[in-house]
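Q: Could we go through the ring contacts and one of the sheets in this one? I'd start with the rings.

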Amino acid sequence: MNKRYKAVMCGILTLTSITFTGCGIFPEEEIFETATIVKEYEKKEFSMVKVQRGDVCDYKRIACIYSQSNTQDIELGTWDIVSKIYVKKGDKVKKGDVLITFSDDELERQIEDYKYEISVKEALIRHARKNKELEIEKQKIILDDKSSIHAIEEAYNAEISGYQSDLELIKLKLEQAEANNEASKVRAEMDGTVTLINNSLLNNETRFGDWGGPGSFNSDGKNNRLMTISDGSKPRFTGSIDSIGVQLEEGSRIDVICNNNTYAATVKYKDKDTVYFMLDDMHDELGEGATAYARYVVSEKKDVLYLPVSAVTSMGEDNIVYMDDGNGFKQPVKVQTGLTADNRTEIVSGLQEGDSVIVR
């Protein structure tokens, strides 16, 4: 019994020893596996981004709309031919001044004909009235017959009435012709200065020399502007500052972004709620009514290192980025960050320009 008990105990101890030896994990191996990052970095799931140098800017947007300086553009149609131009580039003009007239020889001939016919009818009326007076005086001297005098008056009055009816009709025709002729004149719509005259449009041989029929002239929609008058006001963007709750300093400079282009402008108030962002010059690429935004800078860091916001992760009180360790594993790197704005995070320390980090 004693031997048997000892044998059983010996077997149990042996089995226990084998079991612990087979399942034993060294402390170093456990720490290594815990520290090892699970291989989850795949190039098809992650992309790399480099640390760049540039500006990080926190700003507010002020929506605004573009207006050109007040201008009058005169464009030629396909059939328009300039008869006369009354101004030259740089001339000052007043509202209502005739700038150009278009050619219409037939209309001008009609106007002259109507004026001549009017002068003839007016002369006939004067002669008829004079003859009536003479006939009446003659009749008074000869017979002084009231019936005869009345007959003379009626005859001449009918003649004069006919002339007057013709005269009124001709005057109506002249009025219409002159109205049509007035339409061929282009007048200044404002006080201003002539800033453009396209002299190439004044040469009909050059303009129509190789003309191939209607639609061939200026088919590209360009170069049909003959003249521009400007009142001298500067082009501007107009915005409201109510929504952003800031007071811009009048006379300060501000950038306006329109169609990915940046334009430097000067702040000028129209009233307490409406502000103008005045441009120094006109820009051909800007169209009337173009929408844009002025960029009011709240805080800015210039010429600093930065990464996209999505590349930086918060871990407790620390900020980290992940880098490729060369074996397909993500290696965390602690970084110090600064200003974050406009999808950029400033990198103060922990990385160098050109370093690649992992970003989804």
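A: Y66 and F237 are both buried, where buried means under 20% relative accessible area, exposed over 50% and partly exposed in between, with a 1.4 Å probe and protein chains only. This is a predicted model, in which local features need pLDDT of at least 70, side-chain atom pairs count only at pLDDT 80 or more, and totals for chains, interfaces and linings use all residues. Residues are numbered from 1 along each chain as its sequence is written, and side-chain values use heavy atoms, with hydrogens and water left out.

Q: How many aromatic pairs are there by this rule?
A: There are two aromatic pairs, the rule being that rings of Phe, Tyr and Trp (its six-membered ring) pair if their centres lie within 6.5 Å, with planes under 30 degrees apart counted as stacked, over 60 as edge-to-face and the rest as tilted. Y59 and Y293 form a stacked pair, 6.5 Å centre to centre with 5° between the planes, whereas Y66 and F237 form a tilted pair at 5.1 Å and 55°.

Q: Which charged end sits over the ring of Y293?
A: That of R61, 4.2 Å from the ring centre; the criterion is that NZ of Lys or CZ of Arg is within 6 Å of the ring centre and within 35 degrees of the ring normal.

Q: Switching to the sheet, what order do its four strands have?
A: The open sheet runs β3-β9-β8-β5 with antiparallel pairing, where strands are DSSP runs (E, at least two residues) numbered from the N terminus, and two strands pair if DSSP finds at least two bridges between them.
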